[in-house]
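This briefing covers selected features of one chain, grouped by topic. The sequence and the structure come before the details.

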Amino acid sequence: MSDDPDKLAHAGIHHSAFEYATIDDLLDTYMRLKGQGIEPHACLDHGMTTSFYYVDPDGNSVELQVDNFGDWDQSSEWMRTSPQFAADPIGTPVDPEQMIAARKAGASFAELHQRAYASEFKPSAPLDLRFPLTEPRSPV
């Protein structure tokens, strides 16, 4: 077996995900990992989840997330019926540092989600979703 340097353009697993019980657990993990020099390559409020994506030692993405509704039935219903999700299933990029500052200033989880989804915590760096954004090649 050998590493595939072009793995982002090939079929396979994109990422695995792990769910936290609370936004505080997710934000605390962000701070702990940042303290070890590990930073996410993308952070998004997808609407149904707030998700931070990291690269593991093998180059795979790992999603750490919290359910914004606190109930997967409600999240699933929102995905099925929300015009916002239908228009933009990726969601809104967020800056965890701004979210942490808002949380420390007293913002509730619901307020954090509302503000994040409204693009209030927009990051300064471009989003890296770790998949190619080029046109597919034509068959020869």
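One aromatic cluster is made up of Phe69, Trp78, Phe85 and Tyr117. The model is predicted, and the structure contains four aromatic pairs.

**Aromatic residues**

- In the pair of Trp78 and Tyr117, the ring centres are 6.0 Å apart and the planes stand at 75°, so the pair is edge-to-face; the cut-off for that class is over 60 degrees.
- This pair links distant parts of the chain, with Trp78 in helix H2 and Tyr117 in helix H5 (residues 109-117), 39 residues apart.
- Trp78 has 17% relative accessibility and therefore counts as buried, the limit being under 20%.
- Tyr117, at 22% relative accessibility, counts as partly exposed.

**The loop residue Ser82**

- Ser82 sits in the loop between helix H2 (72-81) and helix H3 (83-87).
- Ser82 counts as buried because its relative accessibility is 5%.
- A polar contact of 2.8 Å joins the side chain of Ser82 to the side chain of Gln84.

**Sheet**

- The open sheet consists of five strands in the order E1-E4-E3-E2-E5, and the pairing is mixed.
- Strand E1 (15-20) and strand E5 (92-93) stand at the edges with a single partner strand each, so one side of each has no neighbour in the sheet.
- Strand E2 (residues 42-45) and E5 run antiparallel and are joined by two bridges.
- Asp45 has Thr92 in E5 as its bridge partner.
- Helix H5 lies across E2, strand E4 (61-67) and E5, and runs at about 105° to E2.

**Largest nonpolar core**

- The largest nonpolar core has 19 residues, of which Ile23, Leu27, Phe52, Val94, Met99, Leu112 and Phe121 touch the most other members.
- Two or more residues of this core come from each of helix H1 (23-35), strand E3 (49-55), E4, helix H4 (96-104) and H5.
- H1 gives the most to this core, with five residues.
- Leaving aside residues up to four places away in sequence, Val94 touches Cys43, Leu44, Asp45, Phe52, Met99, Ala116, Phe121 and Pro123.
- Among these contacts of Val94, Phe52, Met99 and Phe121 are also named with Val94 as core residues that touch the most other members.
- Asp45, another contact of Val94, is the residue bridged to Thr92 in E5.

Notes. Residues are numbered from 1 along each chain as its sequence is written. This is a predicted model: local features need pLDDT of at least 70, side-chain atom pairs count only at pLDDT 80 or more; totals for chains, interfaces and linings use all residues. Side-chain values use heavy atoms; hydrogens and water are left out. Helices (H or I, at least four residues) and strands (E, at least two) are DSSP runs, numbered from the N terminus. Buried means under 20% relative accessible area, exposed over 50%, partly exposed in between (1.4 Å probe, protein chains only). A polar contact is a pair of N or O atoms within 3.5 Å; within protein, one must be able to donate a hydrogen and the other to accept it, and residues adjacent in sequence count only if both atoms are side-chain atoms. Rings of Phe, Tyr and Trp (its six-membered ring) pair if their centres lie within 6.5 Å; planes under 30 degrees apart count as stacked, over 60 as edge-to-face and the rest as tilted. Two strands pair if DSSP finds at least two bridges between them. Contact means heavy atoms within 4.5 Å. Axes are lines fitted to C-alpha atoms, for helices over the stretch in contact, and angles run from 0 to 180 degrees between N-to-C directions. A nonpolar core is a set of buried Ala, Val, Leu, Ile, Met, Phe, Trp, Tyr and Cys residues joined through side-chain atoms within 4.5 Å.
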